[in-house]
Amino acid sequence: MTNIARAAAAIARPQALAGLDLLASAVVLLDGQGKITYANAAAENLLESSLKALSRQKLAAQFLNSDELENICAQAREHRFADLRQDLTLERAGRDPLHVHSIVSALDDPHDGLLIELRENQQHIKLEREERILDQSQVNKELIRNLAHEIKNPLGGIRGAAQLLEMELPALHLGQLREYTQVIIKEADRLQTLVDRLLAPHRRPHIVGDVNIHEVCERVRSLILAEFPAGLTILRDYDASIPEFRGDKEQLIQTVLNIAHNAAQALSQRIIAGDAQLTFKTRVARQVTLTKVRYGLALDLHIIDNGPGISPQIRDRIFYPLVSGRDGGSGLGLTLAQTFVHQHMGVIECESRPGYTDFRILLPLP
């Protein structure tokens, strides 16, 4: 039995349970029927409900997939283990699932009471997500390289054949038929440009020098305001203590510009209304794990807009090549940004909902 379970078992007066509100982990007490008799403040936050609303409800009823949790509780009551520990994913109607580490302890009381501790597995989930994104990026890179080379070879042949065909056209019909050969040539050139853009981040050399992130943000700010001079406000929330670091300044400018430009285009309706906002926010993050490496300091850069948010249909695929939420978009801007961030040993994340989209870039600092 855990120390928390022992303390809860020894508690005789309800008011003494208030001490559990000081804990960061969620603590729930159940009676013999699995009904909630107490939930501390952390549990109320985790379950997004008050103790008054939760009281006398079954804990299992809060989740769509409660079989594993109920099974653990049954084992705890039957066998009286010191405690049972298990990682669970608890699904909820209309809300994000909870990824938690659960500790179930049987209390020393005649009513088969249980104490359940729930601790969110945020760090574990974050590491898994970063690893998945990195693997996805490597797969995308190989796919793009192979696909681009497979396209380039026949594309050159198509363009050359169209040019030769144009040279052989009879003078009598040259004016009429040349239009068709020019369509072939221009479309081949357009595809060639697309292929070159796909390969660009893997071709460009990584030019390392001293980078001031605020100079990067100011450069992007001036470019965005030049294109959108009215209706858009760009706010700056900088941490002046952030040191310079080694990196490719041009790549980082391109990264921030791609994200900010996408945001400005998504803000088109708010720009017309005159209340569009784009925010550049910088902070120092401490003791951060990036791509399985622990860093004492990291740059925490946020690019935030108050636009309509990213469509749920593409939210999980926005960094894939050729995926765009905008008509006429190439779907390469965020792929390029992700590639450049990974080349700096960093990670890029996105949180989006209507009225708020936040692209977060984390880069290691010296």
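## Nonpolar cores

The largest nonpolar core holds 39 residues, and Ile224, Leu232 and Phe280 make the most contacts inside it. A nonpolar core here is a set of buried Ala, Val, Leu, Ile, Met, Phe, Trp, Tyr and Cys residues joined through side-chain atoms within 4.5 Å. Buried means under 20% relative accessible area, exposed over 50%, and partly exposed in between (1.4 Å probe, protein chains only). At least two residues of this core come from each of α7 (213-227), β7 (232-237), α8 (249-266), β9, β10, α10 (333-343) and β12. Helix α8 gives the largest share, eight residues. A second, separate core has 26 residues, including Leu30, Ala43, Leu90 and Val100.

## Model and overall make-up

This is a predicted model: local features need pLDDT of at least 70, side-chain atom pairs count only at pLDDT 80 or more, and totals for chains, interfaces and linings use all residues. Residues are numbered from 1 along each chain as its sequence is written, and side-chain values use heavy atoms, with hydrogens and water left out.

The protein has ten helices and twelve strands. Both are DSSP runs, numbered from the N terminus: helices are H or I with at least four residues, strands are E with at least two. Of the 366 residues, 42% are buried. Among contacts between residues at least 6 apart in sequence, 61% join residues at least 24 apart.

## Strands β9, β10 and β12

Strand β10 (residues 293-305) pairs with two strands named here. Strand β9 (residues 276-290) runs antiparallel to β10, with twelve bridges between them. Strand β12 (residues 356-364) is also antiparallel to β10, joined by eight bridges. Two strands pair if DSSP finds at least two bridges between them.

Arginine 286 is bridged to leucine 297 in β10. Aspartate 300 is bridged to leucine 362 in β12. The hairpin of β9 and β10 has two residues between the strands, and threonine 291 there takes a positive phi near 45°.

## Helix α10

How many of the eleven residues of α10 are buried? Nine are, so the helix is largely enclosed by the rest of the structure. The buried residues are Leu334, Thr335, Leu336, Ala337, Gln338, Thr339, Phe340, Val341 and His342. After α10 comes methionine 345, with a positive phi near 65°.

## Salt bridges

The whole structure contains 13 salt bridges. The criterion is a side-chain nitrogen of Lys or Arg within 4 Å of a carboxyl oxygen of Asp or Glu. One of them joins arginine 159 to aspartate 189, with the closest N and O atoms 2.5 Å apart. This pair links distant parts of the chain: arginine 159 is in helix α5 (residues 122-168), aspartate 189 is in helix α6 (residues 174-203), and they are 30 residues apart. Arginine 159 is partly exposed at 27% relative accessible area. Aspartate 189 is partly exposed at 28%.

A local pair sits within α6. Glutamate 187 and arginine 190 meet in a salt bridge (3.0 Å, N to O). They lie three residues apart, about one turn of the helix. Glutamate 187 is partly exposed at 37% relative accessibility.

Arginine 360 forms a salt bridge with glutamate 349, the closest N and O atoms being 3.8 Å apart. Arginine 360 lies in β12 and glutamate 349 in β11 (residues 347-353), eleven residues apart. Arginine 360 is partly exposed at 24%, whereas glutamate 349 is buried at 14%. Salt bridges that share partners join Asp300, Glu349 and Arg360 into one network.

Aspartate 358 lies in strand β12.

The side chain of aspartate 358 makes polar contacts instead. One goes to the side chain of histidine 302 (2.8 Å). Another goes to the side chain of tyrosine 356 (3.3 Å). A polar contact is a pair of N or O atoms within 3.5 Å; within protein, one must be able to donate a hydrogen and the other to accept it, and residues adjacent in sequence count only if both atoms are side-chain atoms. Not counting residues up to four places away in sequence, aspartate 358 touches His302, Ile303, Ile304, Glu349, Cys350 and Glu351.

Key: Contact means heavy atoms within 4.5 Å.
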